[in-house]
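Thanks for coming. Please have a look at the sequence and the structure on the screen, and then I will go through a few parts of it.

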Amino acid sequence: MKSKRGRLDRFICKALQIPKKQVRMYLLEKRIKVNDVVADALDMQVTEFDKIQLDHQLLMEHQPIYILMNKPVGVVSATKDDLHKTVLDLIDHPDKAQLHIAGRLDLNSSGLLLLTNDSKWSSQLMSPDAKVTKQYYVKLRNPVSEDYISGFNQGFYFEYEDITTKPAKLEILSDFETLVTLSEGKYHQIKRMFGRYRNPVESLHRISLGHINLPDELKPGEWRLMKENEIDQIDTSSSK
Ligand code: URA
């Protein structure tokens with residue numbers, strides 16, 4: 001997802017439907033402010049979250065929103081869907097139309113899901129370089145065995161994408177229960193990995209993303225705004 005970043009004059013031209021010449025005049029007259037400071041360059045880079053004013057007229061001010069949800073099974077990780085209820089349908093926030101999802105979960109998966117309108121933050125979070133780990137509690141139909149651990153660690157070749165999955169950590173909790181930690185997110189990755197052992201996933205629940213754990217008190221379908229320390233932590237997270 002690209003960050004909405006661009007030149008100050010372009011933002012103003014678009015917001016007021018006026019030519020660049022006019023914006024230059026306003027600038028020379030010191031009538032334009034960016035985040036309460038008089039602007040001095042037309043090519044100044046601004047983002048969707050900067051506060052931009054002409055005299056006292058507010059042209060643009062988006063507050064960044066960061067939401068953490070416990071996604072229930074059966075609700076689709078999308079903002080629009082013709083068939084199923086979406087995660088956006090569960091959120092009651094006046095600016096929810098601005099939100100996008102940072103890291104989807106399958107329809108029949110549950111757990112920690114993050115939504116934001118800050119595309120710079122979400123692309124950092126999802127960037128392979130950020131190495132943000134994702135941890136899942138996975139129940140299987142058949143018993144798991146120790147040899148899965150080395151298989152997950154070595155990686156599996158996915159022909160469709162022509163990639164080998166990065167080393168993943170598998171912890172066996174009981175015959176049918178595991179904890180899986182990934183540092184990437186390929187399509188249906190966990191189901192496909194267990195598929196190599198012909199062991200279907202019965203349920204899959206994301207419990208953490210980087211250092212953010214799904215809060216115990218958040219019941220399926222519930223959400224809350226993220227705390228400042230959670231928002232800050234995400235882009236400095238590294239592998240567990
Ligand atoms: N892997 C899957 O197979 N499904 C998910 O929802 C997440 C990871």
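A search of the whole structure finds 9 salt bridges; a salt bridge here is a side-chain nitrogen of Lys or Arg within 4 Å of a carboxyl oxygen of Asp or Glu. Before the details, note that this is a predicted model, where local features need pLDDT of at least 70, side-chain atom pairs count only at pLDDT 80 or more, and totals for chains, interfaces and linings use all residues. Residues are numbered from 1 along each chain as its sequence is written, and side-chain values use heavy atoms, with hydrogens and water left out.

Back to the salt bridges. Glu-29, Arg-31 and Asp-55 form a network of them. Glu-29 meets Arg-31 at 3.0 Å, N to O. Asp-55 also pairs with Arg-31, and there the closest N and O atoms are 2.8 Å apart. This second pair links distant parts of the chain, 24 residues apart: Asp-55 is in the loop between strands S5 (52-54) and S6 (57-60), and Arg-31 is in the loop between helix H2 (20-28) and strand S2 (32-34). Helices (H or I, at least four residues) and strands (E, at least two) are DSSP runs, numbered from the N terminus.

Arg-31 is partly exposed at 28%, and Asp-55 is partly exposed at 35%. The cut-offs are under 20% for buried, over 50% for exposed, and partly exposed in between, with a 1.4 Å probe and protein chains only.

Another salt bridge joins Lys-169 and Glu-171, with the closest N and O atoms 3.9 Å apart. Glu-171 is partly exposed, at 28% relative accessibility.

Next, the domains. The chain is divided into domain 1 (5-60) and domain 2 (66-231), with bounds that come from an automatic or database domain assignment. Their centres, taken over C-alpha atoms, are separated by 40 Å.

Tyr-66 is in strand S7, residues 66-71. Tyr-66 counts as buried because its relative accessibility is 12%. Which residues is Tyr-66 in contact with, leaving aside its neighbours within four places in sequence? Among them are Leu-115, Trp-121, Arg-224 and Ile-231, where contact means heavy atoms within 4.5 Å. Asp-118 is also in that group, and its side chain makes a polar contact with the side chain of Tyr-66 at 2.5 Å. A polar contact is a pair of N or O atoms within 3.5 Å; within protein, one must be able to donate a hydrogen and the other to accept it, and residues adjacent in sequence count only if both atoms are side-chain atoms.

Now helix H4, residues 147-154. Its buried residues are Tyr-148, Gly-151 and Phe-152. Seen down the axis of H4, they fall within an arc of 95°, so they line one face of the helix; the arc is that of the directions from the helix axis to the C-beta atoms. What covers them includes strand S13 (169-174), strand S14 (177-182) and helix H5 (189-195). After H4 comes Gly-155, with a positive phi near 95°.

Last, the ligand. The residues around the ligand include Leu-105, Asp-106, Ser-109, Tyr-136 and Lys-191, each with a heavy atom within 4 Å of it. A polar side-chain atom of Asp-106 is 2.7 Å from a ligand nitrogen. For Ser-109, a polar side-chain atom lies 2.9 Å from a ligand oxygen. Lys-191 takes part through its backbone, with a polar atom 3.1 Å from an oxygen atom of the ligand.
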